[in-house]
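The exercises below ask you to read a structure step by step, each with a worked solution. Please look over the sequence and the model before starting.

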Amino acid sequence: MNIKNISYLSIIAAAWIASAGCKKNTAYEEETDSKDKTQIFVAKANVGLQNLSIFPYTDEARTFKFNAQFGGLGLPKNPINVTFEIDNKAFDSLNVIRKNNGSALYERFPADSYSIDKLNVTIPQGGVSSDFITLKYFSRKFDPAKDYLLPVSVKNASGYLINPTVKTAFIVAPKLTAVLASKTGWSATADTEELTGEGAVNGRAAAAIDGDVNTYWHSSWSLSEPPFPHWINVDMKTAIYVTRVDLAPRQNYNTGFTKFDLDASLDGTTWVSQGKNLTMDPVVKSYQSYPLSTPALYRYIKITMLNAASATTKSTHLAEVNVYRY
């Protein structure tokens with residue numbers, strides 16, 4: 001099977017279907033057993049890749065359905081038995097394309113991630129569509145950092161010509177891409193805040209979630225200076241599926257904490273550790289990223305700062321907390 005690219009397939013498929021006519025045409029409703037100018041194809045093959053719905057993750061099976069179609073002059077006088085197969089050649093062909101494009105290769109569907117109810121269907125006498133094949137799949141079985149591909153192709157069709165450009169359903173479990181969560185409505189609290197010595201905005205916990213990397217939270221130092229550990233707790237107000245947390249240090253100062261613990265919670269009471277003794281470099285002013293060890297639905301993010309670069313420093317600060325989500 002020679003596959004050049006999916007967009008090319010889509011254009012060819014759309015043109016062929018338009019010319020062949022996959023719906024009944026009043027001028028050609030006569031039933032015939034002639035195979036001349038008739039072809040069998042997969043209905044969804046003309047629109048490219050079929051991306052499955054993977055997120056949100058559930059334990060229940062989801063379904064994807066597809067079938068075979070008849071195109072040509074007239075209608076089939078006899079039932080057409082159509083057999084499908086898992087197409088390993090098509091899988092390899094698309095991976096050659098991805099390799100040449102510098103893209104990560106597709107993974108095969110894990111064996112326990114899906115089931116197909118049948119691979120044999122029938123287009124009935126006088127009909128243009130077969131019964132449906134149902135793919136059941138389990139979203140939790142797929143690694144969100146990978147792209148998976150399952151090509152299912154028409155293998156034979158009772159002697160009818162199989163359209164080579166639209167014979168395959170390219171079913172994809174796509175890699176998930178995390179996006180920056182909106183901080184609108186969020187709140188933040190901390191073990192202490194510096195309410196006088198850092199100005200009208202800086203020093204407060206809210207400055208760490210205001211979207212401005214040039215403002216910062218600071219632990220108390222002017223009236224009292226409690227020692228480490230220090231913590232800041234972000235309440236996102238609603239549960240979101242968190243994948244990572246990015247932290248930006250104070251931009252105009254090179255002191256700050258160098259080790260911290262990262263925790264997440266759904267209710268603010270039971271905390272799930274996402275990392276112990278993680279490293280933060282206060283000299284590096286860009287965001288520093290910390291993937292969660294157990295990505296899941298959380299409402300609260302807590303950063304517990306353990307120590308500063310200097311053994312004599314008691315207070316600390318943080319410019320911004322970003323949260324990424326699916």
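**Exercise 1. Find the ring over which Arg250 lies, and give the distance from the ring centre.**

Solution. Arg250 lies over the face of Tyr253, at 4.6 Å from the ring centre; the criterion is that NZ of Lys or CZ of Arg is within 6 Å of the ring centre and within 35 degrees of the ring normal. Lys302 is placed over the face of Trp271, with 5.7 Å to the ring centre. The model is predicted, with local features needing pLDDT of at least 70 and side-chain atom pairs counting only at pLDDT 80 or more, while totals for chains, interfaces and linings use all residues. Residues are numbered from 1 along each chain as its sequence is written, and side-chain values use heavy atoms, with hydrogens and water left out.

**Exercise 2. Give the strand order of the open sheet of three strands, and describe how β4 pairs with β11.**

Solution. Helices (H or I, at least four residues) and strands (E, at least two) are DSSP runs, numbered from the N terminus, and two strands pair if DSSP finds at least two bridges between them. The order in this sheet is β4-β11-β9, with antiparallel pairing. Its edge strands, β4 (62–66) and β9 (114–116), each pair on one side only. Five bridges join β4 to β11 (residues 133–137), and Phe64 has Leu135 in β11 as its bridge partner.

**Exercise 3. State how many helices and strands the protein chain has, and what share of its residues is buried.**

Solution. The protein chain contains two helices and 23 strands. Of its 326 residues, 45% count as buried. Its C-alpha atoms fill a box of roughly 95 × 40 × 35 Å, taken along the principal axes.

Definitions and conventions:
Buried means under 20% relative accessible area, exposed over 50%, partly exposed in between (1.4 Å probe, protein chains only).
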